Amino acid sequence: MQMKLFHTIMDWLVDFLTDIFGWIGALVGLAISFWTGLPALGQAVLIVQAADILTGLACAVLGKSQKSESGKVSSRVMLEGIIKKGAEWLIVLVCIYTGTPLGMEGISTAAMTYVIATELVSLLENLNLLGLNVPLIQTILDVAHAGHNETK
C-alpha cells in the first residue's frame with residue numbers, strides 16, 4: 001500500500017514538473033520570439049528601460065529616491081513607473097505595427113529614439129543619485145533639465 005502511494009505521488013510530481021518546465025519553456029520561447037522580432041532600436045528601448053528600473057530600484061532601496069516622499073521603495077511609485085513604461089511601449093508598438101506596413105518606418109524610429117532619450121536622462125539621474133558623479137553626466141543632466149524647463 002505504501003509503495004503504491006509512493007509511486008502515485010512520484011507520478012504526480014513528475015507530471016507536475018513536466019508541466020511547469022513546459023510552461024517555462026513556452027514563456028522563454030515567447031520572450032525570445034518577441035525579442036528577435038523587434039527592431040534593434042526596440043531592443044535598445046527594452047535594455048535602457050530595464051537599466052532605468054534597476055537603478056531606480058537601487059536608489060529606492062538605499063533611500064535616495066526622489067520619486068517617493070520617504071526616498072524609499074514605494075509600491076505606488078513603482079506601479080506608476082511600470083504603467084508609464086507600458087504606455088511608452090503601447091506607443092512604440094502602435095508606431096511599429098502601423099508605420100512599417102505604410103512604409104513610414106521613420107515614425108517608429110522617432111518614437112523609439114524619444115523613449116530612449118528620456119530613459120537615458122532618467123538613468124543618468126539615477127546614477128547621479130547613486131553617487132556616480134561624472135562631470136559629463138552632470139552636463140548632460142543640466143542640458144536636459146534646461147530643455148525641460150523651457151518647455152514648461
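Student: Before we start, what does buried mean here?
Tutor: Buried means under 20% relative accessible area. Over 50% is exposed, and partly exposed lies in between. Keep in mind that this is a predicted model.

Student: Okay. What share of the chain is buried?
Tutor: Buried residues account for 22% of the 152 residues in the chain.

Student: And the secondary structure, how many helices and strands?
Tutor: Five helices and zero strands. From the N terminus, the order reads α-α-α-α-α.

Student: What about the overall dimensions?
Tutor: The C-alpha trace spans about 80 × 50 × 25 Å along its principal axes. The radius of gyration of the chain is 22 Å, whereas a compact globule of 152 residues would come near 15 Å.

Student: Switching to cysteines. How many disulfides are there?
Tutor: Zero disulfides are counted.

Student: Where do Cys59 and Cys95 sit, then? Is Cys59 buried or exposed?
Tutor: Cys59 is buried, because its relative accessibility is 1%. Cys95 has 14%, so it counts as buried too.

Student: Now rings. How many aromatic pairs does the count give?
Tutor: One aromatic pair. Trp12 and Phe16 form it, and the pair is stacked.

Student: What are the distance and angle?
Tutor: The centres of Trp12 and Phe16 are 5.3 Å apart, with 10 degrees between the planes. The cut-off for stacked is under 30 degrees, so this pair qualifies.

Student: Where are those two along the helix?
Tutor: Both lie in helix α1, which covers residues 2-37. Trp12 and Phe16 are four residues apart there, so about one helical turn separates them.

Student: Is Trp12 buried or exposed?
Tutor: Trp12 is exposed, at 55% relative accessibility. Phe16 is partly exposed, at 38%.

Student: How far is Asp11 from Thr113?
Tutor: Their C-alpha atoms are separated by 52 Å. Along the chain, Asp11 and Thr113 are 102 residues apart.

Student: Which ones are closest to the centre?
Tutor: Asp52, Lys67, Lys84, Lys85 and Ser122 are the closest to the centre of the largest pocket.

Student: Which elements give two or more residues to that lining?
Tutor: They are α2 (40-61), α3 (75-99), α4 (105-129) and α5 (135-150).

Student: How does the lining split by class?
Tutor: The lining of the largest pocket has twelve nonpolar, 13 polar and nine charged residues.

Conventions. Residues are numbered from 1 along each chain as its sequence is written. This is a predicted model: local features need pLDDT of at least 70, side-chain atom pairs count only at pLDDT 80 or more; totals for chains, interfaces and linings use all residues. Side-chain values use heavy atoms; hydrogens and water are left out. A disulfide is a pair of cysteine sulfur atoms within 2.5 Å. Buried means under 20% relative accessible area, exposed over 50%, partly exposed in between (1.4 Å probe, protein chains only). Rings of Phe, Tyr and Trp (its six-membered ring) pair if their centres lie within 6.5 Å; planes under 30 degrees apart count as stacked, over 60 as edge-to-face and the rest as tilted. On a 1 Å grid over the protein atoms alone, a cavity is a set of points where a 1.4 Å probe fits but cannot get out, and a pocket is an open set with protein on both sides within 12 Å along at least five of seven lines; lining residues have an atom within 4 Å of a point. Ala, Val, Leu, Ile, Met, Phe, Trp, Tyr, Cys and Pro count as nonpolar, Asp, Glu, Lys and Arg as charged, and the others, Gly among them, as polar. The radius of gyration is taken over C-alpha atoms; the globule rule is 2.2 Å times the number of residues to the power 0.38.
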